[in-house]
Structures are given as structure tokens and as C-alpha cells.
Amino acid sequence: MTQLNINIRSASLEDVKLLREFEQGVITAERPFAANLKAGEIFYYDLEALIASNDSNLLIAEMDGLPVACGYATIRNSKPHITPDLYSYIGFIYVVPEQRGKKLAGHILQALVAWSKSRDVHAFELEVFTENESAIRAYEKFGFKANLTQMWMSE
């Protein structure tokens, strides 16, 4: 098996244009699962805030010098009835279509978990559409388990 030349780095403001392209890739992939998304161009993330925050880490994975994946972790306070008091919310896990299947999401997740643990945060949460079976499989391989099902209705 060929070893991939992967470099993972923190995003900077110079990466916002690229990250907006990645964001539209996420939205395009999620549209079939989300009947309640508005039509047209929409945005999920405040990228500048994620980059500037000391409690967030937005990462880009590069393979042979080209950006191919991203993801972020944000340290959040748990609800008062949940333990532990802090957790890392993980989001914006994206891999460019032509590089999928190379465990790049796992590399991003591993780096985000390591960053969170370096901040003494050892609990992790993410959201994934129930019908997004390939993403669910990737997260389960990493160790995530379903915890709560969010339900939605519109009349």
C-alpha cells in the first residue's frame, strides 16, 4: 500500500475562499438528506470566527501540497445536566470527492481529537444526517456512536 503524503495545518484567513468552496461541497452533499435547506447558495459556517477563536481549531489536510479535506473542533460548555462540563463539537468534515476513501476524514478527526485533548477536553460530539450512511460508517470506524436522534417536521 502506498503511503500518502498528508500534511494537516490550521486554516488561516487566506484559506477562506477555498473553505467556502469546500462548504458548498458539504451543502451539495447534504441537500438530498435535508428537505428543510433553503434553495440557492447558503452558508453554514462563520469561517472567520472559527479561524480567530482560541476555542476552535479549523484544519486543512493537504496531500502532495493540494488541499483535500477539512474539519473543525470547537470547545463548548455542556448543558448543566450533562457530564463532562466541556466537550468538543466537531463539524465541517469534508473530503474532496476525488480523494474519498483514503481515510482523510480519519486524519482530520485524529488531529482534532489530539488538539482537544491538549486542551484537556476528552468528550466529542458531531451531527450527521441519518441517511448519510457513508459518513456514519466513517464516524463509527473512528469510534463515534449514535446517541440521540433529532426529529423534524414541517406542515
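Predicted model: local features only at pLDDT ≥ 70, side-chain atom pairs only at ≥ 80, totals over all residues.

Me: Which residue does Glu-23 form a salt bridge with?

Reply: Arg-20, and the closest N and O atoms are 2.6 Å apart. Both residues sit in helix H1, three residues apart, about one turn of the helix.

Me: What about Glu-48, which residue is its salt-bridge partner?

Reply: Arg-20 again, with the closest N and O atoms 3.6 Å apart. Glu-48 lies in helix H2 and Arg-20 in helix H1, so this pair ties together parts that are 28 residues apart in sequence.

Me: Is Asp-15 buried or exposed?

Reply: Asp-15 is buried, at 9% relative accessible area. Its salt bridge with Arg-9 has the closest N and O atoms 2.8 Å apart, and Arg-9 counts as partly exposed at 25%.

Me: OK, switching to the core. How many residues are in the largest nonpolar one?

Reply: It has 40 residues, and Phe-22 and Leu-58 are among those with the most contacts inside it. Strand S4 (86-95) is one of the elements giving two or more residues, and S4 gives the most, with seven.

Me: What does Phe-22 contact, leaving aside neighbours within four places in sequence?

Reply: Its contacts include Pro-67, Cys-70, Phe-92 and Tyr-94.

Me: Last one: where is His-122?

Reply: In the loop between H3 and strand S5 (124-126). His-122 is exposed, at 51%, and its side chain makes a 3.2 Å polar contact with that of Asp-120.

Terms used:
Residues numbered from 1 in each chain as written. Heavy atoms only, no water. Core = buried A, V, L, I, M, F, W, Y, C linked by side-chain atoms within 4.5 Å. Buried < 20%, exposed > 50% of the residue type's maximum accessible area, 1.4 Å probe, protein only. Helix = DSSP H or I, 4+ residues; strand = E, 2+ residues; numbered from the N terminus. Contact = heavy atoms within 4.5 Å. Polar contact = N/O pair within 3.5 Å; in protein donor to acceptor, adjacent residues only side chain to side chain. Salt bridge = Lys/Arg side-chain N within 4 Å of Asp/Glu carboxyl O.
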